[in-house]
Amino acid sequence: MKFQVLDIIPHLKNPVTGEIVSTADRLNQVVQTARRAEELGYDSFSVGERHAGEFISSSPTTVLAAIAAVTSRIRLQSGVTVLSVLDPVRVAEDYATIDQLSRRRLELVIGKGNEVLQYPLFGLDLADQWGLLEEKYALLRRLWREEDVTWSGRFRPALPDKTTTTPRPYAGSPRIWHGSATTLTSAALAARWGDPLFTANAIQPRENYKVLIDHYVAEYERHGHDPRHRYVGSGSGAGGVFIADTTQEAKRQYGPVYEGLAAARNVPGNNSPFRDIDHAVAEGPALVGGPEQVIDKILSYHELYGHSLQSISPPTTLPFEQQLDILERFALEVVPAVRASAPTTLWESADPFGGRPGFAGATQPDAASAVTTDHDNHRSDIAYVYAH
């Protein structure tokens, strides 16, 4: 399994102490965390995007660019790029710039976002959120894979003249994942294009996310895509990660903070049912406990989801040094055991995108085209088998 550190950059008071860091300090903590995650051997660092609520992640491209400047090996991801409210031309330009700065370390995770207030903010109708996502993704995909693009659609002014966005990505289109949290639609869109899926695994019981993953797998197969490129990533709940010597000690230390944050959140339809720490540890996705218990929980989810990428989020209301200590303990005491028990081809030699970062010395400069060719060949092989 591969491991991602995700920060959607909430900016909240610690519910126990009432303390909150400044906006400048909080943003700089994200960059410092990414640098430390690289030192600890995490595979990727992801920055979220929100345009409403108690978050300061409205400009993830700026933060990712800052991270690109202080790291050299860790992959950079978004979590998620709220493509439904953005201009795909601008997305193509901004994230290709990050891909160049980082020397092809970028992989995008797109979605429609789970914050309904974002749509009126951008003058958009919430009822169009899925249509916006589908249309804008189709255009973004072309802009990264083609030059001299002409296009027309329903939601954006047409591109009647041949358009080539600049800069181009470093070496072919970066991989694009699809974030999925509440409905079958994102899972179906990912499957239709033969792209990987990232399940939020955040606030609902895990069986709910399993329904979305199963739909993705079934649709992926129905479209005839090469199963070697069917990857699933998983979040780890709104509670984040907290490692202590024992689960009891983890609950004692982190429980008041977790429960305070849960009690303060009142967004109908978007609240976790795991309101107390005992319930969250026993049945929720939060990775809170002793190392062995956290290992067992990740592997139990892996048995259900079959995921190749596990995302964790630091408990960002805690003192920053404590956050870094938790990331270090997780890297040293949890990651090796999970890697050994759940191997994956993601970002390895069998994955065309495994060699895409500049440091990896890729022999295939356009991994996206290689994956598309594999999908086409797989469909041809299936057709041949059925014909004979």
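Residues are called buried under 20% relative accessible area, exposed over 50% and partly exposed in between, with a 1.4 Å probe and protein chains only. Helices (H or I, at least four residues) and strands (E, at least two) are DSSP runs numbered from the N terminus. The model is predicted: local features need pLDDT of at least 70, side-chain atom pairs count only at pLDDT 80 or more, and totals for chains, interfaces and linings use all residues. Residues are numbered from 1 along each chain as its sequence is written, and side-chain values use heavy atoms, with hydrogens and water left out.

Helix α2 spans residues 60-70, and its buried residues are P60, T61, V63, L64, I67 and A68. These residues sit on the same side of α2, because they cover an arc of only 160° around the axis. The arc is taken over the directions from the helix axis to the C-beta atoms. T62 and A69 are exposed on the other side of α2. The buried residues of α2 pack against α1 (23-40), β2 (44-47), β3 (75-78) and α3 (88-101). Contact here means heavy atoms within 4.5 Å.

A nonpolar core is a set of buried Ala, Val, Leu, Ile, Met, Phe, Trp, Tyr and Cys residues joined through side-chain atoms within 4.5 Å. The largest such core has 80 residues, of which Y42, F45, I67, W144, I298 and F330 touch the most other members. Helix α5 (residues 129-145) gives the most to this core, with 7 residues. Another core, of 12 residues, lies apart from it; L197, Y209, Y216 and Y301 are among its members. Leaving out residues up to four places away in sequence, F45 touches V5, D7, V30, T33, A34, A37, L64, I67, I74, R75, L76 and Q77.

Several backbone features fall in loops. G79 and V80 are joined by a cis peptide bond, with omega about -5°. V80 is in the loop between β3 and β4 (81-82). The bond from T166 to P167 is also cis, with omega near -5°. P167 belongs to the loop between β7 (159-163) and β8 (176-180). R103, a residue other than glycine, has a positive phi near 60°. Its loop runs between α3 and β5 (106-111). N201, likewise not glycine, has a positive phi near 45°. N201 lies in the loop between β9 (197-199) and α7 (206-222). N201 counts as buried because its relative accessibility is 2%.

A cavity is a set of points where a 1.4 Å probe fits but cannot get out; a pocket is an open set with protein on both sides within 12 Å along at least five of seven lines; lining residues have an atom within 4 Å of a point. Grid points are joined across faces, edges and corners, and a volume is the space filled by probe spheres set on the points. The count is 1 cavity of 30 Å³ or more. The largest cavity has a volume of about 40 Å³. Its lining includes A202, Y258 and F274.

The second largest pocket has a volume of about 240 Å³. Its lining has 20 residues, and R141, R145, W193, D195 and V371 lie nearest its centre. The elements giving two or more residues to this lining are α5 and α13 (367-387). Helix α13 gives the most, with 6 residues.
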